[in-house]
Amino acid sequence: MKVRDIMTSPVFCLQPTQGISDAIQLMLERRISGVPVTTSQGELVGIVTEGDLLRRHELGTVGAHSWLKDLFLSPGSRAEEYVHTHGRKVADVMTDQPVTIEPDARLSDAIDMMTVHHVRRLPVLQDGRVVGILARADVLRALLPLAAEPPVATDDDVIRQSVEAALERGLGAGVRDLVKVEVYHGAVVLSGAVTDERLVSATRVAAENTPGVTSVTNQLIVVGPFVGASVPTPPL
């Protein structure tokens, strides 16, 4: 899946010279949590989000510094913070140099970027212009139909083979060989012995995601790995 498949487009944008009241009103009316900021020529210069507007002197939420931080805070840093908490223009409060992505990028790459950079949304750029925005909500909307209950299958043997295949794909052939899968009218029973307690939950999830499975009974037991075992040598 690519970014263009699920991104929101067209996207609402603000200009740096607009007031923060315009940003607040737009986010509330459109029920969005972040807005790209562009020049009149459409060049992306920043993004303003709900988080950028939480620390405001009007709300009394600026917060006080500890005496130690206050001691080492440079005049430049103090001035920058003052502008962010007191500024009236979008340019004063926006986050500049936002992380962006292209529409043909893989969705997995977009999720990696969100995770690494700790951001909730990515402006989507094509030829230097904002063509969309990818937010966490867009990812959830794409996931919803895929996370619905799988279609029903009625053949127990087919279901068993599907569960075994899911175990091998997700956990490896070694785990698949340790787990016995039985199916009775769609009800799956897992039995056997594994060496890690986390495999008990993982095998259950693999079975629950298999089409046709109506319930899962997990009878797996956890045993410690055999370390230092030796085979006795027969007497001569």
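Q: How many salt bridges does the structure hold?
A: A salt bridge is a side-chain nitrogen of Lys or Arg within 4 Å of a carboxyl oxygen of Asp or Glu. In this structure, which is a predicted model, there are twelve salt bridges.

Q: Which side chain meets that of D104 in a salt bridge?
A: The partner of D104 is R4, and the N to O distance is 2.8 Å. D104 belongs to the loop between β3 (95–96) and α6 (107–117), while R4 sits in helix α1 (residues 3–6), so this pair ties together parts that are 100 residues apart in sequence.

Q: What is the relative accessibility of D104, and what is that of R4?
A: Buried means under 20% relative accessible area and exposed means over 50%, with partly exposed in between. D104, at 41%, is therefore partly exposed, and R4, at 37%, is partly exposed.

Q: Is R56 buried or exposed?
A: R56 has a relative accessible area of 3%, so R56 is buried. The side chain of R56 forms a salt bridge with that of E58, at 2.9 Å from N to O. E58 has a relative accessible area of 42% and is partly exposed.

Q: How far apart are the closest N and O atoms of E182 and K180?
A: They are 3.9 Å apart, and the two residues form a salt bridge. E182 is partly exposed at 24% relative accessibility, and K180 is partly exposed at 48%.

Methods: Residues numbered from 1 in each chain as written. Predicted model: local features only at pLDDT ≥ 70, side-chain atom pairs only at ≥ 80, totals over all residues. Heavy atoms only, no water. Helix = DSSP H or I, 4+ residues; strand = E, 2+ residues; numbered from the N terminus. Buried < 20%, exposed > 50% of the residue type's maximum accessible area, 1.4 Å probe, protein only.
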